[in-house]
Each structure stands twice: as structure tokens, then as C-alpha cells.
Amino acid sequence: MDQRLDRLETTHETLRKEIQEMFAAMNTRFDQLSNSRINEQGEDCRINEQREGSRTRTSGSHTGEDGGINRDNSAQDERVPLASFNLEGDAQLWFQLMKEETPVATWEVFKQGLHNRYGPTQFQDFFGDLTKLQQMGSVKEYQTVFERLLIRAGKLTPAHQVGCFVSGLKKSIKTDVQACKPESLTAAIGLAREPCRLPLSRSHDHKIPLKQGSEPVCRLNILIDVASALEYLHFGYSVPIVHCDIKPSNVLLDQSMVGHLSDFGITKLLGEEDSMTQTQTLATIGYMAPEYGSEGRVSRKSDIYSYGIMLMETFTRKKPTDETFIREMSLRHWVGDSLKRSIVDVADSDLLQRDDVYFSAKEQCVSSIFSLAMECTTNLPENRISIRNVISRLVKIKATFLASTQRP
């Protein structure tokens, strides 16, 4: 029943738009016809005036006034049949009933009848409903309802449209969309629906293209970029470097959607390979490795732990500090439990939907990523894999996903 009501409502809105466009086009055409007739009639009046003198001029003036009334009536009479000819479906049936009740329908009666039948009622506060709307399911579902209400809410400035849309998004999405400062509703919707940029959403200039690759490849590409930067810090420099603060907000994206690691304010240099160092500087809560937070010991393996947490956040859209994680429950425990049951319960709903034709391939891809993230976040540093193995695994996951989604 709800689906039928939604279809009827959508048909109703589409029809109302088409009627408005039809009226505008007909009004323009009628004005052109009226101007043309006025010019022709005026020329005839001037000829009569020249032939018949002052008496004829008076008669011509009277004829001009009568002719104007006739022309207006003629134009009005033409509007109704022309408009009714373009009605379809339910609207055509409505017009037939209206003709039975009002055999001679004027243009004003016709317009008022359409408004009464298909226009919004005075008891509905669509703008109020729009400002109160909250995202409960996926971004796509929220967008559909939002746009349906926006059409009825009246004219809003682009800033008001963006404000209403963003305010109703889930908190985890809203914060990142606001950080990008979208200037139009289209940009805001694109940011919310393209999670490959979120939560890794801090661009150099906030001018990120709205169409970039397919999911989850887009996210994987960014994460591989970050892992490659970490590999250089850990193994590519003369002295091993520990970043110490790996998290999504320290990843910048350029216009080509290439991820860049930033903020080296608490970076540490290591003396020997595989060594650790002590520090009193704390990193961001939720991303710090256990030995870093409790003892201040940092190593390349502490970066691996932070990277694993970022992997989970990117594909669940849940921050490790989310209010739902209390006591013994953490982002890692939450993801780990899902691997024993079903990852659909924890994966980003905009990424993993059962009606997706590539659902199985995406599910396997996300499951592999979660397994990798669990290996990155073991409690003991020596049990965590190296960043080189992380890159190798991510590249294989991406290749497997692409191979499984290629059309024959």
C-alpha cells in the first residue's frame, strides 16, 4: 500500500509540474496570437478612419473596443480546449467530469479546478515537514523524501536548501559534509552519497569532483595512497619515521581524489629498525595503539594500529569515539563480532545494500577489508602486520573485486 501511495504521489507531482509548464507555454503563445490580431485589427481601423472621416473614426474606435473584447474572449476560449488536449490519465478523466458539471468552463474556472484537484492543501506545512525531516535509513532514501517535500515547500534560497538537507543527515555524515562547505543542494547531496570522500573529506580546496569511480574502489584507492605514504615514512627514508597520529581528518584529498597524509606535528624518528621510543605527547583518543596510550611507547606498529582503525571507520562510517561504544564495546569489537555473523549489520548502508546487483562482490570485498583491519589492530604490537603487507593485501582485494564485477 505504501509503495502504491508513493507512486501515486510521484505521479501527482510530475503531473502538476507538467501542467504548470504547459500553462506557461500556452500563455506565451496566446500573447503572441493576441498581439498579432491587435496589429491586424489596428491596421484595419486606420484604413477605415481614412475612408470615412470623423464618423467612421468614432465607429472604428467602438469597433476596436468590441474587437478587443472579442479577441480576449476568443483567446480565453482557445486556452481550455488546448490545455485539456494535453491532459493525460487521471487528469483527463477529471476534465471530462468537470465538463459535465460545467459545460462552458472559462480559463479561470479551469485553472482553479486544476489547483483544487492537484494542488497542495492549506492544512499541510511542507516547509515544517522539510525542516523536521531526519535521515533514518540510507542517504538515497533520505534524499528521495527530502526532494519530494522540497518541491512542495515553496521557493527556498540555495543556502536554505543546503541547510535543511545537511541538518537532517546522520551525525557521522553531517559533520563531514559541513566540513566541505557545499554551496548548492546538488553538491551537498553528492558529498553525502559519495562516501568514498567521507570521512576522508578534507580537500585542499573543497572542489572535489562529484563523480569519481565506483564503490568500494574509490575508498580503496584513497586508503592505498595513505598506506603508500606510510610505507615511505617507515622504510623509504634514511631513518624510520612514525607519524603517531593516523586518522581520517589528517588525510587530504586533491581534485584527482588522491589521498595525501598530513599533520606531522607529533612525528617521531626512530634510531634503529623495529625499535620503539617513548613520548609524553598523546595522539587522538580512539586511534592510539594500546601501548601508546598506556605507556607512551610508539613504533611503526603503533601507526599500523591507527591505520587499522581508520580502515574500519572508512567502511562502517562509525568513529571509534561514537557514543554507541561504551564499556567493553569498541569499534574493533563491533567489527570483529560482525565477521562471525554478518558484516551487513555494521558496513556502511550506502555501500552495502542487498538489492545491489554486485552485493555479493561488495560483501566479500568489505569482509576482506575488515579481516585485514583486525590484523592491524591486535593488542600485541609484534602480532600486527607491516605496512608493506597491508598494501599487498589491499591491492589484491581491489583486483579481486574488479574481476568479480566485470561484465561478461
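**Aromatic pairs, nonpolar cores and model confidence**

Trp-107 and Phe-110 are three residues apart in helix α3 (residues 107-118), so about one helical turn separates them; here helices (H or I, at least four residues) and strands (E, at least two) are DSSP runs, numbered from the N terminus. The structure is a predicted model, in which local features need pLDDT of at least 70 and side-chain atom pairs count only at pLDDT 80 or more, whereas totals for chains, interfaces and linings use all residues. Residues are numbered from 1 along each chain as its sequence is written, and side-chain values use heavy atoms, with hydrogens and water left out.

The confidence of the predictor in each residue is given by pLDDT, on a scale from 0 to 100. For this chain the mean pLDDT is 77, and 73% of the residues reach 70 or more. Two segments have pLDDT under 50: over residues 45-72 the model has ten contacts beyond four places in sequence, and over residues 195-213 it has 64 such contacts, where contact means heavy atoms within 4.5 Å. Where pLDDT is low, the predicted coordinates should not be read in detail.

The chain contains 14 helices and seven strands. Of its 408 residues, 42% count as buried, a term that stands for under 20% relative accessible area, with exposed for over 50% and partly exposed for values in between (1.4 Å probe, protein chains only). The chain exposes about 22,700 Å², of which carbon and sulfur atoms supply 51%; these accessible areas come from the Shrake-Rupley method with a 1.4 Å probe, and for residues only the protein chains shown count as cover. Among contacts between residues at least 6 apart in sequence, 61% join residues at least 24 apart.

In soluble globular proteins, nonpolar side chains tend to be buried together. A nonpolar core is taken here as a set of buried Ala, Val, Leu, Ile, Met, Phe, Trp, Tyr and Cys residues joined through side-chain atoms within 4.5 Å. The largest such core has 59 residues, and the members that touch the most other members are Tyr-307, Leu-311, Phe-315, Val-390 and Leu-394. Two or more residues of this core come from each of α9 (217-236), β2 (241-242), β3 (251-253), α11, α12, α13 (359-376) and α14 (387-405). Apart from this core lies another, of 22 residues, among them Val-162, Val-166, Ile-173 and Cys-180.

When residues up to four places away in sequence are not counted, Val-390 touches Tyr-307, Leu-372, Cys-376 and Ile-385. Cys-376 itself counts as buried because its relative accessibility is 0%, and Cys-244, at 4%, is likewise buried. With a disulfide defined as a pair of cysteine sulfur atoms within 2.5 Å, the count in the model comes to zero. Ser-338, which has its place in helix α12 (residues 331-340), counts as buried at 1% relative accessibility. Beyond four places in sequence, Ser-338 touches Ile-343, Val-346 and Phe-370.

Aromatic pairs are counted where rings of Phe, Tyr and Trp (its six-membered ring) have centres within 6.5 Å; planes under 30 degrees apart count as stacked, over 60 as edge-to-face and the rest as tilted. By this rule there are five aromatic pairs. The ring centres of Trp-107 and Phe-110 lie 5.8 Å apart and their planes stand at 25°, so this pair is stacked, and both residues are buried. Tyr-142 and Phe-146 form a tilted pair, with 6.1 Å from centre to centre and 40° between the planes. These two residues lie four apart in helix α5 (residues 139-152), about one turn of the helix. Tyr-142 counts as buried at 4% relative accessibility, and Phe-146 counts as buried at 0%. Ring pairs link Tyr-142, Phe-146 and Phe-165 into a cluster.
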